[in-house]
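Let's take a friendly walk through a protein model, looking at how its parts meet. Have the sequence and the structure ready as you read.

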Number of protein chains: 2
Amino acid sequence: METAKAGHALHFRVKEAILNLIKNGKYKPHTQLPTEAEFCKKFGVSRTTVRTALQQLAIEGYVYRKQGKGTFVSDKKVKQTLTSTVENFSEQLTVQGKQPSIKVINLEVIQADASLAEIFHLEIGDPVNKLERIRYADQEPLQYEVAYLPWRKTPALNAKACETSLYRVLENHYQLKIKKTVEHLELFLADDHAAKMLQIKNGAPCFSLETFAYLSDETIIEYSQTIFRGDRVNFVIERNY
Amino acid sequence: METAKAGHALHFRVKEAILNLIKNGKYKPHTQLPTEAEFCKKFGVSRTTVRTALQQLAIEGYVYRKQGKGTFVSDKKVKQTLTSTVENFSEQLTVQGKQPSIKVINLEVIQADASLAEIFHLEIGDPVNKLERIRYADQEPLQYEVAYLPWRKTPALNAKACETSLYRVLENHYQLKIKKTVEHLELFLADDHAAKMLQIKNGAPCFSLETFAYLSDETIIEYSQTIFRGDRVNFVIERNY
């Protein structure tokens, strides 16, 4: 948006110049960017400066690298709407021209630890469903999610059905209707498990979203923790006043 | 939440162990953590492992360093609510026991570039108010914000009044009532200007929030870009179904 960035370190200016060329459509999604050497010449700066600029653009998700092939322009980030209207993941992605899919990695019954017992008003050791899923856009992993549900209210949870919509399963199979969710969004550096699940580097900046889903009687029916790739996701929040 | 992290790299396990001690209240806000050497002994790991774990905890905002003094436990992150109810910044912070303040860094009239002209349906070169502000909690900078408003609709904007609430100024002085906002939240690595404004390191992971504020006739009255410190802010989103 701004033009006068005179005081900025060189690599920020190079980064912004490349970003503007991407935003203006000079460099289009999935096409290859000029080489580092070409950028050095174009901007009259050192290799290190160009490399730092490209690294930052990669972390922010504007470009990606292919081993031995160079740097390419990323597709637009996937928008996830955070509003009072629930549109589920698949609908949102379809609108953006992406092929959505959800994969269940694991579904098991575990024993509540102190923290789960407190969330669900259970005794420590009581059974809890633990559901691990990955959501993809066009085969690219976007979010890794671990959800917990009290087992007594959701016995015999069907893993396959959780590959469409968990909330629909809760409503149709268990007559459990989510009335409200409270979510906490914060910064999270990928640990090695999340990095593996999301095919990103250890320590890459991500979003962590904790969700508490409430029934109409104010009890919590689901607690989940979701890690979103920081380079591929963009949240949209609409508020009416 | 999880206990079995057997496959995790050592520094992730050390990080998690320290984090649990913070979360359980063993290490309290603003108290000093054991030294790196003490952690090495406690966990039987190398200095590098402890250092990596502490660095990641600092980026995520759980601890902070004081030059020559060591590592301290951070205060809780500041919660910013993103919901359909508008509670303004000052009210939210007061509830969390923090002293809020807003400082106007600069207010000037600039000429619309192509992008601002498009947003506000102006001609290129038309006058636009540019308002730069920093918001603080207990003297600690939390967010750096640059807002643009079409000058013809907001002439003689009073800088001092913008240190309380811009939306209140719009409503009381210009009879402009915000009806809806659309926000885009994404990951952003601090450039040197943002880093200086927020007293963080260049390249530190932050949140970038772009806001489009609409009047009831669907025209945009404000466009802003806000950088939030990734280590100090936590967003809360409530949705009713």
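## How the chains meet

Buried area is the accessible area (1.4 Å probe) that two parts lose on being put together, summed over both. The size of an interface is often given in this way, as the accessible area lost when the parts come together. Between chain B and chain A, about 5,300 Å² is buried, with carbon and sulfur atoms giving 54% of that area. Contact here means heavy atoms within 4.5 Å, and 59 residues of chain B are in contact with 59 residues of chain A.

What about polar partners? A polar contact is a pair of N or O atoms within 3.5 Å; within protein, one must be able to donate a hydrogen and the other to accept it, and residues adjacent in sequence count only if both atoms are side-chain atoms. Ten residue pairs, both at pLDDT 80 or more, are in polar contact across the interface of chain B and chain A. A salt bridge needs a side-chain nitrogen of Lys or Arg within 4 Å of a carboxyl oxygen of Asp or Glu, and the count between chain B and chain A is zero.

## About the model

This is a predicted model, where local features need pLDDT of at least 70 and side-chain atom pairs count only at pLDDT 80 or more, while totals for chains, interfaces and linings use all residues. Residues are numbered from 1 along each chain as its sequence is written, chains are lettered from A and ligands numbered from 1 in the order in which they are written, and side-chain values use heavy atoms, leaving out hydrogens and water.

## Two domains in chain A

Chain A is divided into domain 1 (4–73) and domain 2 (78–236), with bounds from an automatic or database domain assignment. Their C-alpha centres lie 35 Å apart. Four residues from domain 1 of chain A and four from domain 2 of chain A make the contact.

The two domains of chain A bury about 230 Å² between them, 52% of it from carbon and sulfur atoms. On the domain 1 side, A:Ile59, A:Glu60 and A:Gly61 supply 92% of the buried area, more than any other three residues. Between these domains there are zero salt bridges.
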